[in-house]
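I opened a new notebook page for this protein.

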Amino acid sequence: MIARVVSTPIPSPAGRIPAGTPRPIQPDVLESVLPGPGRDRLARGDVLAVTTGQQPALFTGPLYTVHKALSAIALAARLEQERGIPVVPVFWVAGDDHDFAEANHAAVLDKEGEVVNIVLRERVHEAPQLPLFREILGPDTRVAIDALDAALPDAEFKPDVRRWLESTFRADANLADAGAGALDQLLAGRGLAVFRAHDRHAKRAAAPWIVKALDQTLADGLTPVLVEGTLGRDRLRKDGNDFVTRRSAERFTRAELEQIAAETPERLSPNVLLRPVIEAALFPTLAYVGGPGEMEYLPESAPLFANLGVTPQAHVPRWSGIVIEARIDKILTKHGLTPADFATKPGELEARFAQAELPPELAESLQQLRADVEARYARISGEVQQLDPTLERTVQSARNAALAGTNEIEKKLVASVKRTQGTLLRQMARARNSLLPGGKPQERVLTIASFLARHGSSVLDDVAAEVARWAAQ
């Protein structure tokens, strides 16, 4: 059972959400949207869109992917109600991304509440940086699903989670399509339109804007366009009338790149600054819902919007929060803790509890001992200053050593108490792994599968309700 979902502070949106101009969606764009209610609404005629996106990942990746999608759904619903115009939430699956190290794993909590990282496979450093839509899952996907199944507790909804993932993460599928399909099955019923930006139809629709962007040079001296070359996906640099890839140093004429755009458009892709421009060109986008990192770099796209003649969308920080399971909430309530209390170095919170368990007389004696050491060495220091100032450093060293000895006594006493607090320590570890796994925010580590297996779709209902409150504000 989910006890509660807690929102974490987020920055305010950058400016007002524009009125927008509804328009029909291009047929090629529609072809790249997975079938479902979202696509049906996009196909009906003049519409607006609220978009978000993320590169695909194993088992849909960290929770923030779902948080982004639910944020777009909630914001689109609010804007549609306010403006009386169809507003469709669209999730841009960036399957042309090549960061395999970000996409090849998923983390869950096991039966003991420990974090288990499931890895599809590693890509050797020397391998070409292939886009994720060219990464065929192969037999590794069965091994990864089995590992997930072994890690998850035998809860009521665990078989459903396995069936869900097996339906899209198949050996013959690529990582991008598998991730898109899993997200679609999870959230299409809530109105989300899942757009496969790596699909050939989508690439054909984006090609004119990609070709225009070849004339743009960014602050790093490169264009915002990437091409698949011998070393995989590679940034292009303008060199006279030609274009050269950054890593492989392959040379292309403009005519050759235009031919690629016409015949094999899937070989061309936008970089992170050009992507929101392409998105706004393909969809009548009111707002893009993004994470903290995106909110920082999205303003840098402004010159590309202006130079390519595309109307920019508003930037809205996504909802951010923590899912607190009932068993974790009991631990917090029992010990008077909040999730923020775990934002310390591992062991600090546990030491605080152990220190509180020291006999009051002993704790007072240790505190008095430290005060006595400070007072006596302060008096000695003053007398030494009058007799021989050169000995001041020696006195300070002796003082520090005496205090260190006192602290060492307390440290060993606390360690001794901690050894008798096995149950408490296990509770603290379980709570820490759930709320701040590895010292990182829950939403940046754990995958939704970890919660679906225990609680079923009700966890999505609980998060969606909190996200709706966020959107209303």
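**Whole chain.** I counted the secondary structure first: the protein chain has 19 helices and 14 strands. I noted that the model is predicted. Next I checked burial. Of the 473 residues in the chain, 52% are buried. Then I turned to contacts with a separation of 6 or more. Residues 24 or more positions apart account for 74% of them.

**Helix α5.** I picked residues 140-151, which form a helix of twelve residues. From first C-alpha to last, α5 reaches 17 Å, close to the expected 16 Å. Which residues of α5 are buried? I found T141, A144, I145, L148 and A151. Seen down the axis, they fall within an arc of 125°, so they line one face of α5. I recalled the general rule: an α-helix has 3.6 residues a turn, so residues three or four places apart point the same way. V143 and A150 are exposed on the other side of α5. What do the buried residues of α5 pack against? I listed β4 (105-109), β5 (115-119) and α6 (158-168).

**Cores.** I looked up the largest nonpolar core and found 73 residues. Those with the most contacts inside it are F59, W164, F169, L187 and I448. Helix α3 (residues 63-83) gives this core its largest share, ten residues. A second, separate core has 45 residues, including V227 and F252.

**F169.** I went back to this residue last. Beyond its neighbours within four places in sequence, F169 contacts several residues, among them F59, T141 and I145. T141 and I145 are also on my list of buried residues in α5.

Key. Residues are numbered from 1 along each chain as its sequence is written. This is a predicted model: local features need pLDDT of at least 70, side-chain atom pairs count only at pLDDT 80 or more; totals for chains, interfaces and linings use all residues. Side-chain values use heavy atoms; hydrogens and water are left out. Helices (H or I, at least four residues) and strands (E, at least two) are DSSP runs, numbered from the N terminus. The expected span of a helix is 1.5 Å times one less than its number of residues. Buried means under 20% relative accessible area, exposed over 50%, partly exposed in between (1.4 Å probe, protein chains only). The arc is that of the directions from the helix axis to the C-beta atoms. Contact means heavy atoms within 4.5 Å. A nonpolar core is a set of buried Ala, Val, Leu, Ile, Met, Phe, Trp, Tyr and Cys residues joined through side-chain atoms within 4.5 Å.
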